[in-house]
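Okay, thanks for making time, everyone.

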Amino acid sequence: MTDLSTKYMGLDLRNPIIAASSGLTDSVENVVKLEINGAGAVVLKSLFEEQIMMDIDEQRMNNMYGSYDDVENYIGFYTKKHRIDHYLELIRESKKKTSIPIIASINCVSASEWTEFASRIQEAGADALELNMFIMPSDGNYEGADIEQIYFDIVAAIKQHITIPVALKISNFFSGMANFAIKLSETGISSLVLFNRFYRPDVDLEKMKITSSHIYSNPDENAMVLRWIGILKGKLACDMAASTGIHDGETILKNLLVGANAVEVASAIYKNGMGIIPQMLTDMTNWMKAHNYNSVNELIGKLSQESVHKPMIYERAQFMKYFSDVK
């Protein structure tokens, strides 16, 4: 019998497919459906740092003045507070009604008072916390090292408040990617998720305005993920999860083979429905049987840079025919 179970961040997963943070994971009903359809774990839709800070400001202002008199401010604060309360309830109810790991998520860009809120997430029962982090290097007054330090500051602040596993979902926009990832892994985090996907601007020529484009990922985007997971496998002091461009069972297998412990999927579920998960699992099982693999753990890292005969293939910047058929 083929064993698809694996460990990720110390958590037991029945299979490596994690439903990524998205609108698909913003309700207990959907979390239950994702479990029924075979997801190994779920990352709840992200709370944003500014939502948490709004709640903190509300508490501070109420302590100072008793209540809000300005109707507009009151409505704004109430709305934010309601979202946070709803999020904690989402964690509690998801834990009650499912048996798979429930991973909370916060989208953050600074190390400030919001980090104290992480303890409330842990108290609500979350099995782990994923921090979705991206600081746009658009300010010419900041050097790369300044931006990287913010990541370390956030991790240090979070670790003061919780004991559950912490994952960082990051981009590949770092000048010294390998060095930075290794140093992050040594901070006590449990996983790096490679990579997060951002809002992509476009231009509407007829309406003369900035719009969004390519909301969903496409399979080609997974190449960058494969490269970096393959390079980093064996060098990090934490697990890795693959994210972006994972649309079928074959791609999941590829990411496991280069070194991922798990994969996060969202766009494929949006496009095909939750039924894509059992199809992915079936495809994985069939391939593993055909190639005489009994468990997922036999696959992880088998084709990482440290394991292949020609490791330089991972570092080629330009295409050469010599490398087009690497064994």
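So, look at helix 8 and helix 10: helix 8 passes helix 10 with a right-handed crossing. The axes of helix 8 and helix 10 sit 8 Å apart, and the angle they pack at is about 60 degrees. That angle makes helix 8 oblique to helix 10. And before anyone asks, this is a predicted model, so please hear everything I say with that in mind.

What is the handedness of the crossing between helix 5 and helix 6? Right-handed for helix 5 and helix 6 too. Helix 5 covers residues 144–159 and helix 6 covers residues 177–185, with axes that come within 11 Å and cross at roughly 20 degrees. Anything under 35 degrees counts as roughly parallel, and helix 5 and helix 6 are therefore roughly parallel to each other.

While we're at helix 6, let me bring in a tryptophan. W228 lies in helix 7, residues 222–232. Is W228 buried or exposed? It's buried, because its relative accessible area is 18% and the cut-off for buried is under 20%. The C-alpha atom of W228 is 8.2 Å from that of A178, although W228 and A178 are 50 residues apart along the chain.

Okay, salt bridges. How many does the structure hold? Nine. I'll go through a few of them.

Start with helix 3, which runs over residues 71–97. E93, K96 and K97 are linked there in a network of salt bridges. Taking the pairs in turn, K96 meets E93 with an N to O distance of 3.3 Å, and K97 meets E93 at 4.0 Å, again N to O. Both pairs are about one turn of the helix apart: K96 and E93 are three residues from each other, while K97 and E93 are four.

E93 is buried, because its relative accessible area is 17%. K96 counts as exposed, because its relative accessibility is 64%. K97 also counts as exposed, at 52%; the cut-off for exposed is over 50%.

Here's another salt bridge. E264 pairs with K169, and the closest N and O atoms are 3.2 Å apart. This pair links distant parts of the chain: E264 is in strand 13, residues 262–265, K169 is in strand 8, residues 166–170, and the two are 95 residues apart.

Let's move on to the backbone.

Which peptide bond is cis? The one from L194 to F195, with omega near 0 degrees. F195 is in the loop between strand 9, which is 191–194, and strand 10, which is 201–204.

T244 is in the loop that runs from strand 12, 239–243, to helix 8, 249–258. That's the helix 8 we began with. T244 counts as buried, because its relative accessibility is 12%.

N292 also has a positive phi, near 60 degrees, and it's not a glycine either. You'll find N292 in the segment after helix 10, which spans 276–290. Is N292 buried or exposed? Exposed, because its relative accessible area is 67%.

Last stop, the surface. Y199, V203, L205 and I210 make a nonpolar patch there of about 480 Å². One of those residues, I210, has its place in strand 11, residues 209–212. I210 counts as exposed, because its relative accessibility is 60%.

To recap the helix pairs: helix 5 and helix 6 are roughly parallel, whereas helix 8 is oblique to helix 10. For the charges, remember the network of E93, K96 and K97, and the E264 to K169 pair that links distant parts of the chain. And on the backbone, keep the cis bond from L194 to F195 in mind. That's it from me, happy to take questions.

Methods. Residues numbered from 1 in each chain as written. Predicted model: local features only at pLDDT ≥ 70, side-chain atom pairs only at ≥ 80, totals over all residues. Heavy atoms only, no water. Patch = residues over 30% accessible without salt bridge, like charges linked within 9 Å, V, L, I, M, F, W, Y side chains within 5 Å. Areas by Shrake-Rupley, 256 points an atom, 1.4 Å probe, with all protein chains shown as cover. Salt bridge = Lys/Arg side-chain N within 4 Å of Asp/Glu carboxyl O. Buried < 20%, exposed > 50% of the residue type's maximum accessible area, 1.4 Å probe, protein only. Axes fitted to C-alpha atoms, helices over the stretch in contact; angles between N-to-C directions. Parallel < 35°, antiparallel > 145°, perpendicular 65-115°, else oblique. Left-handed = near helix turned anticlockwise from the far one by under 90°.
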